[in-house]
Amino acid sequence: MIQDEDLTLLSAYADGELVGEDLIRFSERLLKEPALRRELDAIRAVDELMISHARQIDDKPVPEEIRALVRVKSGRSATKLFAMAAAVFLLTIGSFILAPQSTIDYAVVDELESGQRFVQGDDYIEVIASFRRLDGGFCRELVTSTAHRIVCRQNTSWRIEVEVPRQDVPLNSYQPAGAGDIGTIDAFVREHMAGSTIETDEERKLIKQNWR
Amino acid sequence: MWNSFTGSTLNMSERTVLADEVLRRYLVEEMGSMRRYALSLTGSLHDADDLVQATVERVLTGGLPVDAPKAWLVRVCKNLWIDEIRKRKIRNHDSYSEEGEEVSHVADIPSNPVETRIDDVRRYDAIGEALEKLTEDHRVILSMIVVEGLSYAQVAEALELPVGTVMSRVARARTSLRKQIGGEI
């Protein structure tokens with residue numbers, strides 16, 4: 001029978017919340033006590049079940065009502081542009097990443113509407129918005145589980161123009177508005193976008209016409 | 001129904017909030033995670049998206065602080081859900097008390113045919129049923145930590161609890177969940 005105190009330590013260990021001496025001592029106990037190890041396995045198994053249960057919703061498209069709410073509005077105020085420009089200036093010093101001129105074979109990018117997500121295994125592609133480039137070409141902003149990208153249409157494929165890694169940002173260290181990947185992406189959009197983002201109906205037409 | 005949420009008051013007056021466009025992009029990036037969290041809270045696909053919609057509406061109005069957007073996002077979502085549960089309990093109590101029946105859990109009472117079908121499917125999902133039987137405190141904290149992957153410090157901020165309390169509560173919640181699952185899994 002495992003005591004409550006040990007259950008609390010096991011739970012914290014499973015969550016990666018034990019540190020320093022506590023972690024060392026408990027790790028040693030785990031090596032010596034099979035009952036603790038079995039309990040830890042059971043905790044992890046139930047955690048996995050919980051996560052699988054919650055992931056059911058990934059197979060269901062995000063409702064249009066929600067997508068409409070988070071869609072970036074067209075047009076920006078002068079004040080906001082000034083604030084963002086200031087943030088972008090800071091960004092260019094440190095974290096602006098222009099991706100190598102690689103071409104990606106994202107056939108799925110052709111087909112997704114903004115707000116839709118394509119899931120494949122543990123990864124996914126979700127398109128955030130589409131826009132026209134100043135030279136008349138089309139670009140799409142998208143996120144995967146690991147990256148935030150702008151891809152632009154080139155011939156029959158999509159080329160990565162900007163790519164910034166995504167990472168979980170711990171509490172109290174979230175970068176201010178305009179910083180980090182969001183600001184980097186915004187910098188590209190502002191520099192290259194003609195007008196505003198493409199509206200839903202027009203985007204659907206473009207998808208049907210294979211972005212021609 | 002969900003548009004009428006009042007939600008618990010969150011004091012954002014002295015915090016710097018994300019700018020509108022940044023906030024929207026942040027919400028897009030968090031959408032998958034937010035929906036999974038909402039599903040683990042509500043136990044229903046239908047309710048989960050309603051809850052996400054209410055949460056998005058709320059944060060677009062009230063904003064998210066730049067220093068802890070995730071903790072506030074889950075807190076808004078949790079508060080809205082708790083409010084909704086309270087309302088449903090009151091409504092269910094009012095309607096059922098006339099017939100002298102007892103209402104055991106809000107999620108047992110489907111509100112429309114779509115939800116009924118979803119619940120039919122979910123009936124075979126042992127973990128879903130076990131989650132429904134947990135207390136709200138336990139379900140909330142497990143959803144935050146296991147599904148959302150928040151740290152104890154983030155949960156402590158979101159729930160306004162000491163980290164030590166978070167640590168012991170999540171352990172008790174896990175024990176309770178395993179008891180509910182029993183031999184079904």
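Residues are numbered from 1 along each chain as its sequence is written, while chains are lettered from A and ligands numbered from 1 in the order in which they are written. Because the model is predicted, local features need a pLDDT of at least 70 and side-chain atom pairs count only at pLDDT 80 or more, whereas totals for chains, interfaces and linings use all residues.

**Confidence**

The predictor assigns the complex an ipTM of 0.72 and a pTM of 0.59.

**Where the chains meet**

The contact takes 39 residues from chain A and 50 residues from chain B. Several helices of chain B each supply at least two residues of the side that touches chain A, including H1 (20–42), H3 (69–97) and H8 (163–181), and the largest share, 13 residues, comes from H1(B). By class, this side of chain B has 29 nonpolar, eight polar and 13 charged residues, where Ala, Val, Leu, Ile, Met, Phe, Trp, Tyr, Cys and Pro count as nonpolar, Asp, Glu, Lys and Arg as charged, and the others, Gly among them, as polar.

Helix H3 (residues 34–54) of chain A packs against helix H6 (residues 136–147) of chain B at an angle of about 90 degrees, with their axes 10 Å apart. H3(A) is therefore roughly perpendicular to H6(B), a term that covers angles of 65 to 115 degrees. H3(A) contributes Asp47(A), Met50(A), Ile51(A) and Ala54(A) to the contact, and H6(B) contributes Leu142(B), Val146(B) and Val147(B); six of these residues are nonpolar, none is polar and one is charged.

**Residues of chain A**

In helix H1 (residues 4–14) of chain A, the buried residues are Leu9(A), Leu10(A), Ser11(A), Ala12(A), Tyr13(A) and Ala14(A). A residue is buried if 20 or more other C-beta atoms lie within 10 Å of its own, exposed if 12 or fewer, and partly exposed in between. The cover over these buried residues includes H2 (20–32) and H3 of chain A together with H8 of chain B.

Glu203(A), in helix H8 of chain A, counts as buried because it has 22 C-beta neighbours inside 10 Å. Leaving out residues up to four places away in sequence, Glu203(A) touches Glu113(A), Ser114(A), Ser130(A) and Ile198(A). The C-alpha atoms of Glu203(A) and Ser114(A) are separated by 8.2 Å, although the two residues are 89 apart along the chain.

| Residue | Phi | Setting |
|---|---|---|
| Gly16(A) | about 70 degrees | just after H1(A) |
| Asn210(A) | about 55 degrees | not a glycine |
| Trp211(A) | about 60 degrees | not a glycine |

Asn210(A) lies in the segment after helix H8 (200–208) of chain A and is exposed, with 10 other C-beta atoms within 10 Å. Trp211(A), also found in the segment after H8 of chain A, is partly exposed, with 16 C-beta neighbours inside 10 Å.

How values were computed
Axes are lines fitted to C-alpha atoms, for helices over the stretch in contact, and angles run from 0 to 180 degrees between N-to-C directions. Helices (H or I, at least four residues) and strands (E, at least two) are DSSP runs, numbered from the N terminus. Angles under 35 degrees count as roughly parallel, over 145 as roughly antiparallel, 65 to 115 as roughly perpendicular and the rest as oblique. Two residues are in contact if their C-beta atoms, placed from the backbone, lie within 7 Å.
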